[in-house]
Amino acid sequence: MRSAIIGFLLGVVFLQIQAALPPAWLLAGLAPAAISLVCAAYKITNWQLRFAARLLAGFACGFAWAALFAHCYLRQELAPEWEGRDVTVIGTIASLPSNFETGARFDFAVEKVVQQDGESPLIPQRLALAWYRNGDQEQAPQPLLAAGARWQLTVRLKRPHGSANPHAFDYEAWLLERNLRATGYVRGDPGAISGNRQLQPFVFSPGNLVELLRGRLRERILDALPGHRYAGVLVALAIGDQRAIDQSDWEIFNRTGISHLVAISGLHITMIAGMFAAAMAALWRRSFFTKAALPLLLPTQKAAALSGALAALAYVLLAGFGIPAQRTLYMLLVVALALWSGRIASVSHVLCIALLVVLLVDPWAVLWPGFWLSFCAVGVILYTSVGRRPAARDDGNTRISTWWQGLRAAGATQYAVTIGLLPLTVLLFGRVSLIAPLANAVAIPLVGLVVTPLTLIASALPAPLSTWLWRAAHLLLEQLALLLGWLSALPFAVWQTPAPPAWTSALALLSTVWLLAPRGWPLRWLALAGWLPLLLDNGSRPPAGEMWVTALDVGQGMAVLVETAEQRLLYDSGPYHSPGSDAGNRVIVPYLKARGITALDALVISHVHNDHAGGALSVMDAVKVGTVYSSLPPQHPIVQAAADHQTCHAGQAWQWGEMKFEMLYPDIAQYQASAAQQKSKPHIVSCTLKVSHGPHAILLPGDIEAAQEQQLVARYGEDLKSTVLLAPHHGSGTSSTAAFLAQVDPQIVLFQVGYRNRFHHPKQQVAARYQERGVEGFRNDEGGAILLKFGDDVTVDTYRNQHRRYWYGR
């Protein structure tokens, strides 16, 4: 059975890395064949052949199951012709609304689509919607929203789409896993002709009831702790909603390795289940002192297992039945079922059955770090504990000896998990908290055994008792945060490493298994040699004689990384979205760190617009930046934060090896001559940079328009010639003039644009202008990050092409 389940896992993983789904007719034949092979495998006497047959049968079943799941979810599609059009729908709010600075986000379960001018559009059953209080798209003030309420809404939708960059979060896969097959926003005012109005305050269903209770509990906690910094952490511990936690606190939690505690994690669920089971066992046994004699009716072990499983189920429901919490719940339910059935299987069987249940319910779980960390952590604990006898200690005091053995066991477990998950942590996150064992030694008992129970007990009590307990829990969190803040500030708190190649991680993982082998295993110390490739990896670098250029997919904005083996320059930094969220910390910094880039020699901010300068401060906070070139005013925060700032102007030039940098625009006099015009159009002084490498060059013109292009043509003429051109102003209709293109004469043009952006960039006539000249075009919204290599020739590829997945473009 275990070999078949491992094969099932491999089949699911294999399906999730496919560029296209196999046809349904093939799956219809594959599934029965795989089941027949599983049955036939049990009759094979040779254990090697039996193992191989079960593994292969499990692989086929896993592949077919995951593919059928994907076919089922992907059959609901928003027709392309209905993207960007207003549609009126009736349905219920199917999730706990998430409030943010300018509105709210929520999932919406569609019950009915109102006919649109005689047409009946096919709309997916579940939508991810935003309702803005105000904005550039005439969004209305959004009223109070509650889970389970039935609404009639006029929405504007688009197909699932997200930024696609190396080492970044896959938003499209996340939407697919949750069966959210369209995203969009609400249009118009409540009560206006658009018809946005609440039809019913609550529609009963088990899911809606749970979400409503979660929302009310969140409101109670936040109302009881107004202005308290860690109220969002208590909300996360109570209902699993982490969205109220400040980004700066997340950074501390990540650096100290305790982020798994700031949520309803598997550890919390197990602790709560264990506490309920222990309490029930104690009460059940002591019922012999009453006339009930309950253990004669039901064994204490079964009663404890049932109460622990029910407590875990209630807690997971309170958490919104999230995917990470489900994994622990299934494992606990398998254990409880084994106890009740009287068939106590080995722990490896329990782990494999829980693994199978998770994959049956959610085949996309294998895409996320939590899946691998949770199961591997349990696997490491079992590997290092089951069948191993701890060393005996007799000091004459049984109680002290028991405490000592408990401490030794806890310390050994923490050591095993820390070491055992190290290769996986490096592979998934690119960094390891070196102070995590110390931080967890304090945080696990405090948060798991004190703060979380206080939070949950308070949730069941009326005010003011609940308020007192929540304040006590918050006070403990404040004291813990002081310690964590001090630990995270230590210079050796985190070991940052580039994303390693798969083979170095695999070698380190095998070496770790060898290192954690039982005592007496020969030459365990030699396992450390298997870590050397991982420890010595410095990340990918352009080879000598090459220049790499990466146009990152930051939505409607610009961010271009230019690098050689030794130097790196970032041109623009993408847009700002909200406090704590911008292209810098969401896209650019993760990419730099995954590549092992800890410093930028230069940062160019072309002009002050949000889509070019929005992520600069996050980049400057995360990596060391040498010189900042910009057209920003002296009082701008980026200028103030720069260690070395220079106003960009024509005539600036420098050389890095074979790379030559020339600032072509604007002139110094341009700043003063157009000072009044800059207030309304700051992009007219966009820093225009030409980077040459051997016979090839790339021209980065920011958001210049026709007038500035004419000045460049008049001044430089044929010196503007470049192999690659970053389309001026994202391909707007006011740029890319024929005269300018004739002088630049590009072979390749890059359009850094967002999917279905409201400016409709690139304009159709501009794209046609490039096509008429035979220029090969690449767009971020179609291909994701654009990767160029300059050598004797210029080669271009896109991330979506390199990393094809069946859900892209669906």
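Predicted model: local features only at pLDDT ≥ 70, side-chain atom pairs only at ≥ 80, totals over all residues.
Most residues other than glycine have a negative phi, and most peptide bonds are trans. The peptide bond from A463 to P464 is cis, its omega being near 5°. P464 is placed in the loop that runs between α16 (436-459) and α17 (465-488). A cis peptide bond also joins H761 to P762, here with omega near -5°. The loop holding P762 lies between β23 (748-751) and α28 (764-772).

N179, which is not a glycine, has a phi of about 55°. This residue belongs to the loop between α4 (171-177) and β6 (183-186). With a relative accessible area of 16%, N179 is below the 20% cut-off and therefore counts as buried. For H729, likewise a residue other than glycine, phi is positive and near 50°. H729 sits in the loop between β22 (724-726) and α27 (738-744). The relative accessible area of H729 is 13%, so this residue is also classed as buried.

In soluble globular proteins, nonpolar side chains tend to be buried together. The largest nonpolar core of the model contains 43 residues, and L359, F371, F375 and Y806 have the most contacts inside it. At least two residues of this core come from each of α1 (2-15), α2 (24-41), α3 (47-74), α4, α11 (323-341), α12 (347-361) and α13 (369-385). The most is given by α3, which supplies 10 residues. When residues up to four places away in sequence are not counted, Y806 touches L15, Q16, Q18, A19, A20, L21, A70, L74, L176 and W364.

I123 is located in the loop between β3 (103-113) and β4 (126-132). Its relative accessible area is 14%, under the 20% limit, and I123 is therefore buried. The residues touched by I123 are L78, V87, V110, V113 and L157, leaving aside those up to four places away in sequence. I123 is 58 residues from R181 in sequence, while the C-alpha atoms of I123 and R181 are 8.8 Å apart in space.

Two packed helices are described by the angle between their axes and the distance between the axes. For α2 and α3, the packing angle is about 150° and the axes are 8 Å apart. Since angles over 145 degrees count as roughly antiparallel, α2 and α3 are therefore roughly antiparallel to each other. The crossing of α2 past α3 is left-handed. On the α2 side, the contact is made by A24, L27, L30, A31, A34, I35, L37, V38 and A41. On the α3 side, R50, A53, R54, L56, A57, A60, C61, F63, A64, A67, L68 and H71 take part. By class, the residues of the contact between α2 and α3 comprise 18 nonpolar, 1 polar and 2 charged. Both α2 and α3 also supply residues to the 43-residue core.

Note on methods: Residues numbered from 1 in each chain as written. Heavy atoms only, no water. Helix = DSSP H or I, 4+ residues; strand = E, 2+ residues; numbered from the N terminus. Buried < 20%, exposed > 50% of the residue type's maximum accessible area, 1.4 Å probe, protein only. Core = buried A, V, L, I, M, F, W, Y, C linked by side-chain atoms within 4.5 Å. Contact = heavy atoms within 4.5 Å. Axes fitted to C-alpha atoms, helices over the stretch in contact; angles between N-to-C directions. Parallel < 35°, antiparallel > 145°, perpendicular 65-115°, else oblique. Left-handed = near helix turned anticlockwise from the far one by under 90°. Nonpolar A, V, L, I, M, F, W, Y, C, P; charged D, E, K, R; others polar.
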